Amino acid sequence: MKNPKLVHGMLFPNVRVFRSLLKEFHLRNGSEYKYIKNESKRVTVRCKYEDEEHPCTWRLHASRVGETTTFQIKKINGVHTCPRIYHNQWASADWLAKKYVDQVHDDPDWKVKAMQSDVRRKWMLDVSEMQIYRAKRKALQMVEGEHGEQYYRL
């Protein structure tokens, strides 16, 4: 998911994969979305800033194909015309931990300020030091969990 695109008719193996790509798409493009419907069979989202001040009309609807778990984008309207959002609510500590687990594995003593500036430079997101701290802690737990599993196998 280096540069995700959302296209009408696009298929996903399940709703979780669809939601993760939706999140990745919006974090990379600097926009936010709001769930109108968020169910296991259908998902409808719109731009969070669909108001008079920011007339962004972007909207997306996806649902299951028949009785399978396959998810498909059925409708996608418009393009995001809202300004870039630097403090995005979808940039969670879990998401950051998954993105930075390799860097934390290589350098467990990576400073929180350095990681914060890397997030700002690479993702163009403003995140708090506490959020970076939680993300680093979770990434370290992922790394140590891998080490613990390997040690257990020995």
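How many salt bridges does the count come to? The count comes to seven, where a salt bridge is a side-chain nitrogen of Lys or Arg within 4 Å of a carboxyl oxygen of Asp or Glu. Keep in mind that this is a predicted model, so local features need pLDDT of at least 70 and side-chain atom pairs count only at pLDDT 80 or more, while totals for chains, interfaces and linings use all residues. Residues are numbered from 1 along each chain as its sequence is written, and side-chain values use heavy atoms, with hydrogens and water left out.

**The overall picture**

- The protein has four helices and five strands; these are DSSP runs numbered from the N terminus, with helices being H or I of at least four residues and strands being E of at least two.
- Walk along the sequence and you get the pattern β-α-β-β-β-β-α-α-α.
- Along the principal axes, the C-alpha atoms fill a box of roughly 50 × 40 × 20 Å.
- Of the 154 residues, 35% count as buried; here buried means under 20% relative accessible area, exposed means over 50%, and partly exposed is in between (1.4 Å probe, protein chains only).
- Among contacts with a separation of 6 or more, 53% come from residues 24 or more positions apart, a contact being heavy atoms within 4.5 Å.

- The five strands make an open sheet, ordered 1-5-4-3-2, with antiparallel pairing; two strands pair if DSSP finds at least two bridges between them.
- Strand 1 (11-12) and strand 2 (33-38) are the edge strands, each pairing on one side only.
- Strand 4 (residues 59-64) and strand 5 (residues 71-77) run antiparallel and are joined by six bridges.
- One place to look for this pairing is Arg 64, whose bridge partner in strand 5 is Phe 71.

- Helix 1 (residues 15-29) lies across strand 1, strand 2, strand 3 (42-47), strand 4 and strand 5.
- Its direction is at about 160° to strand 2; axes are lines fitted to C-alpha atoms, for helices over the stretch in contact, and angles run from 0 to 180 degrees between N-to-C directions.
- His 26 lies in helix 1 and is buried, with a relative accessible area of 0%.
- Setting aside neighbours within four places in sequence, His 26 is in contact with Ser 31, Glu 32, Tyr 33, Trp 58, His 80 and Asn 88.

**Helix 2**

- The 14 residues of helix 2 (residues 93-106) should span 20 Å at 1.5 Å a residue, and its end C-alpha atoms are 19 Å apart, which agrees; the expected span is 1.5 Å times one less than the number of residues.
- Helix 2 also has a kink of about 60°, centred on Tyr 100; the bend at a residue is the angle between axes fitted to the seven residues ending there and the seven starting there.
- Its buried residues are Ala 93, Trp 95, Leu 96, Ala 97, Tyr 100, Val 101 and Val 104.
- Asp 94 also sits in helix 2, and counts as partly exposed at 40% relative accessibility.
- The C-alpha atoms of Asp 94 and Lys 138 are separated by 7.1 Å, with the two residues 44 apart along the chain.

**Charged pairs**

- Side chains of opposite charge can pair when their charged atoms come close.
- Glu 24, Arg 28 and Lys 99 are linked in a network of salt bridges.
- One link in it is Arg 28 to Glu 24, at 3.1 Å from N to O; both lie in helix 1, four residues apart, about one turn of the helix.
- Glu 24 counts as buried at 2% relative accessibility, whereas Arg 28 is partly exposed at 29% and Lys 99 is partly exposed at 26%.
- Arg 121 and Asp 118 meet in a salt bridge too, at 3.5 Å from N to O; they are three residues apart in helix 3 (residues 112-123), so about one helical turn separates them.
- In that pair, Arg 121 is exposed at 60% relative accessible area, while Asp 118 counts as buried at 18%.
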